[in-house]
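Please keep the sequence and the 3D view at hand while reading.

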Amino acid sequence: MNERYSRQILFPEIGKSGQEKLLNSRVLLIGCGALGALHAEMLARAGVGRLRIIDRDFVEFTNLQRQTLYKESDAAERLPKAIAAKNRIAEINSEIEVESIIADINNSNIEGFIKDCDLVLDGTDNFQVRYLLNDACVKHNKTWIYGAAVSSYGTTMTIIPGETPCLRCIFEEMPDAGSSPTCDTAGVIMPIIATVSAVQVAEAIKILVGDFKSLHRSLMQFDIWQNDWRNIKPKGSNPDCKTCGQHIYEFLDTESQEFSAVLCGRDAVQISPPKPASLDLNILAENLRKIAEVKQNEYLVRLVVDDYELTIFRDARAIIRGIDDISAARSIYAKFVGI
Ligand SMILES: [Zn+2]
């Protein structure tokens, strides 16, 4: 066994056999923002053999305060987070495999992404994806680890289908849009990100090495500024829960009509194409150069028009910054991407 892991192998709960299990595991990371960057770094250093990282966004300077995998040059180049994460992990641990996917998670692709993974870590910033993830993981009997952080407050729960309550047992309905604070409205400090992600990754390692008796089995809540730490033990699964009690997968089964979303922490809107698409970025850039200054890398095309900045990915998704009105964003999308 590689000496790289010697200190971890000395830890008896992991040992040689646990290390082998980590090396033979595949973990799916949904989102590679603040929580996801730390998930990826800790799991890569621990020697989890295969990481599949999915993220829809690119690196910006506002991310650098808390998203540990990224550096100034990634923000300057607007590298997609999935790519910047893969590049950085290759420098940290070149012995593991990283599959990076630039995509928006939705009901048409999530089941394909989770099927061959041992475990899923939640690093997303929105409830829509979490409820979808909960449906998909209960349906496919995959363990997932919920985590969220905003301001100085964070929460996490480990969800093992058939054994623990699921997300919907605890939070039956998704909060109404605009009812919960977001990084955009309340800000966020890095120590709470580190706290939540540390508990999530510790749970992940326990599960991967098979030490289920050491799981915390609660809804953990922390406020790192107010020094408030809570460990709420759920009573058990709710037999009326739509997802794990009745096996009605509403989020998975409803044909999504939502092709746009206001992004957390950003003065920005994301528009997705109505059906899967693949753009030739060179042709797109050439056309757009006739009307504005265009910057391009291997993964995206970017242009600044009037007061907003438009970033278009190969899958025909666009992130429009400088705007929070979805219908205005849609018309900009139609004008420049034309799908
Ligand atoms: Zn449930």
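The points that follow concern salt bridges and the surroundings of one threonine. The model is predicted. A search of the whole structure finds 21 salt bridges, and three of these pairs are described here, including one between arginine 321 and glutamate 60. Threonine 124, for its part, lies in a loop between strand 4 and helix 7.

**A salt bridge between distant parts of the chain**

- Arginine 321 and glutamate 60 form a salt bridge in which the closest N and O atoms are 2.1 Å apart.
- The two partners are 261 residues apart and link distant parts of the chain: arginine 321 belongs to strand 14 (residues 318-321), while glutamate 60 sits in the loop between strand 2 (50-55) and helix 4 (72-77).
- Glutamate 60 counts as buried because its relative accessibility is 3%, under the 20% limit.
- Arginine 321 has a relative accessibility of 28% and therefore counts as partly exposed.

- Glutamate 91 pairs with arginine 88 in a salt bridge, with 3.2 Å between the closest N and O atoms.
- Both residues lie in helix 5 (residues 81-92), where they are three residues apart, or about one turn of the helix.
- Glutamate 91 is exposed, as its relative accessibility is 54%, over the 50% limit.
- Arginine 88 is partly exposed, with a relative accessible area of 29%.

- Aspartate 228 forms a salt bridge with arginine 230, and their closest N and O atoms are 2.9 Å apart.
- Aspartate 228 has a relative accessible area of 29% and is partly exposed; arginine 230, at 47% relative accessibility, also counts as partly exposed.

- Threonine 124 is buried because its relative accessible area is 11%, under the 20% limit.
- The side chains of threonine 124 and asparagine 126 are joined by a polar contact of 3.3 Å.
- When neighbours within four places in sequence are set aside, threonine 124 is in contact with Ile30, Val129 and Arg130.

Notes. Residues are numbered from 1 along each chain as its sequence is written. This is a predicted model: local features need pLDDT of at least 70, side-chain atom pairs count only at pLDDT 80 or more; totals for chains, interfaces and linings use all residues. Side-chain values use heavy atoms; hydrogens and water are left out. Helices (H or I, at least four residues) and strands (E, at least two) are DSSP runs, numbered from the N terminus. Buried means under 20% relative accessible area, exposed over 50%, partly exposed in between (1.4 Å probe, protein chains only). A polar contact is a pair of N or O atoms within 3.5 Å; within protein, one must be able to donate a hydrogen and the other to accept it, and residues adjacent in sequence count only if both atoms are side-chain atoms. Contact means heavy atoms within 4.5 Å. A salt bridge is a side-chain nitrogen of Lys or Arg within 4 Å of a carboxyl oxygen of Asp or Glu.
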